[in-house]
Amino acid sequence: MRLSFNNQSVGYLFLLPAILLVLVVAFYPIFLSVYYSVHETYYMNIGEFVGLGNYLELLKSEQFIKNLINSLKYVIGSLLLTIPMSLLLALLLNSGENRKMLYFLRSIMLIPWVISQTVTGLLWVWILDPKFGPVNYITRTLFNEQISFLASPDLAMWVLIVANTWMSYPLATVLILAALQMVPPELYEAVEIDGGNAWTKFRSVTYPFIANSLSVTFIMLTVHFFNMVTLIYVMTGGGPLQMTEVMSLRIYLEAFEYQRLALASTVGTVSLILNILFAISYTKLLRNDF
Amino acid sequence: MRRKKKHGWIKLLGNLYLGIVLIFAVSPLLWGLITSLKLSKDIITFPPKWLPIPMTFEHYAAVLTGSKLLLYLWNNLIVAVGTIILSLVIGVHGAYATSRFNFKFKNIIVFGILATSMVPGISILVPLYLSSVKMNLHDTFISLILVYSAWQMPTVLWILRGFIDRIPRELEEAAYIDGCSRLGAFYRITMPALRPGLGAAAILVFVFVWNDWLISSVLTISDSKRLLQVGLYRYVGDYGVEWGRFMAYVMISTIPIIAAFLALQRAFIQGLTSGSVKG
């Protein structure tokens with residue numbers, strides 16, 4: 001006798017708390033945010049309706065363009081470092097000759113993943129300290145330059161990207177490694193017999209198997225990077241000269257430091273729209289590939 | 001003969017890369033640890049002193065006695081446990097429903113829930129802050145637990161659904177035939193089999209709550225409700241330039257998590273990969 005799982009009501013019932021929780025805490029605030037963005041606000045009080053006025057003002061502002069460019073720099077820069085780094089690392093960790101040693105190494109290399117953004121920020125600020133930090137020791141002994149990384153409008157973003165990569169590569173590596181471990185070894189042998197080398201192996205065996213995981217990782221990282229606030233806030237606060245003020249940080253600053261609720265909500269809604277656009281275009285791209 | 005030589009080169013480069021990554025991964029933490037054990041005067045030297053000799057624990061003592069770290073740690077524990085309980089209870093039922101049942105709109109609902117992980121946190125946090133103030137829920141553990149649970153719901157659902165998918169329906173059907181009710185089968189057969197999944201989800205939720213700064217800094221304001229990362233950030237802000245102290249605070253808040261990670265690695269990784277790798 002087959003267990004009947006046709007009971008619509010039980011299914012709904014079991015899912016209901018999750019739906020409610022997410023509706024109240026995640027969806028409802030989105031509407032509120034849009035609501036605030038179409039009004040004037042004075043500190044935390046809602047004033048009169050201004051339609052798209054806030055949006056027009058924002059899109060015309062130079063600072064907004066700066067925010068957008070900074071976000072792009074941060075996300076693209078971090079992706080360019082993180083993904084190749086993780087891919088190479090995963091491939092090497094998977095080549096599995098000295099299993100025990102690799103397992104031990106892997107454990108250590110994954111540690112940055114459990115470090116909070118606050119701690120990461122502080123650790124990197126300290127290691128980059130212009131007066132007493134080891135990095136400056138190297139730059140001073142080799143190049144005779146004392147570099148104040150986080151005070152430099154040009155270098156600060158790079159430093160943020162490196163710190164972000166430090167935090168993010170373990171997750172990407174684990175995801176790719178898990179996919180790599182699903183590749184049947186016989187396929188590699190088959191390529192070897194046919195006279196292929198490492199590159200052929202990668203192209204015809206490895207890549208097709210991990211393409212899906214790579215895509216998932218890519219999209220996860222992009223969303224994560226675009227919406228990140230804490231690391232940047234802790235390391236630079238958006239400076240110097242707003243050169244590291246990314247959009248997500250702008251929302252935080254407008255809401256909680258400058259108390260400009262409408263502006264914060266406007267940037268917040270724009271950011272949300274960008275997130276959605278990205279997700280849609282990316283899933284479309286995925287479908288086309290198949 | 002030639003092949004062996006080529007192999008040697010690649011291997012060397014590979015090991016070099018692993019070495020670089022290892023150094024990259026460990027240096028910030030190691031430098032922080034060393035700093036926390038150095039005498040204050042040895043911290044502000046150039047060239048930097050590489051070894052903490054003479055060694056001191058004065059920074060740790062100062063942090064433990066002179067700051068509210070222990071209180072914040074305790075708060076964090078309470079909120080983490082509360083979040084784990086709430087999100088796992090809600091999540092396991094939801095995951096069971098999405099895995100075992102078929103009902104109208106199921107896919108849309110699931111998609112909707114998973115989509116919230118794509119919503120920029122900070123955009124939601126601003127209205128959440130206002131709402132919590134208006135509803136008198138600002139600066140409470142409840143608001144933290146609710147928000148964290150909702151935030152982690154997609155992850156928990158994703159992980160648990162992956163685990164439930166792997167438990168054969170036949171197990172429940174066998175119990176049903178033996179006279180168990182459908183719900184009984186769920187609670188008595190499926191749930192125990194889900195322990196590794198629940199464990200993995202619990203760990204990921206714990207790490208998230210432990211490491212969060214953004215949500216807790218927005219939703220709490222008093223010491224009695226403050227969490228660890230916010231405490232750390234304020235400590236650094238309040239104390240001028242005292243890197244020995246700062247690093248001691250960092251180490252105290254981080255080393256437990258690192259230890260837990262090393263001990264429970266398998267569970268961590270299982271949780272991370274159960275949903276994303278389509279088998």
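## What you're looking at

The structure is a prediction, so local features need pLDDT of at least 70 and side-chain atom pairs count only at pLDDT 80 or more, while totals for chains, interfaces and linings use all residues. Residues are numbered from 1 along each chain as its sequence is written, with chains lettered from A and ligands numbered from 1 in the order in which they are written.

As for confidence, the model scores ipTM 0.91 and pTM 0.91.

## Cis bonds in chain B

Most peptide bonds are trans. Phe46(B) and Pro47(B), though, are joined by a cis one, with omega near 0°. Ile53(B) to Pro54(B) is cis too, at an omega of about 10°.

Where do you find Pro47(B)? Look in the loop between helix H2 (40–43) and helix H3 (58–66) of chain B; Pro54(B) also lies in the loop between H2 and H3. Helices here are DSSP runs of H or I, at least four residues, numbered from the N terminus.

## Positive phi values

Most residues other than glycine have a negative phi. Gln242(A) has a positive one, near 60°, and sits in the loop between helix H10 (230–235) and helix H11 (247–256) of chain A.

Over in chain B, Asn136(B) shows a positive phi of about 65°. Its place is the loop between helix H6 (121–134) and helix H7 (141–165). Asn136(B) counts as exposed because 9 other C-beta atoms lie within 10 Å.

Terms used
Helix = DSSP H or I, 4+ residues; strand = E, 2+ residues; numbered from the N terminus. Buried ≥ 20, exposed ≤ 12 C-beta atoms within 10 Å, placed from the backbone.
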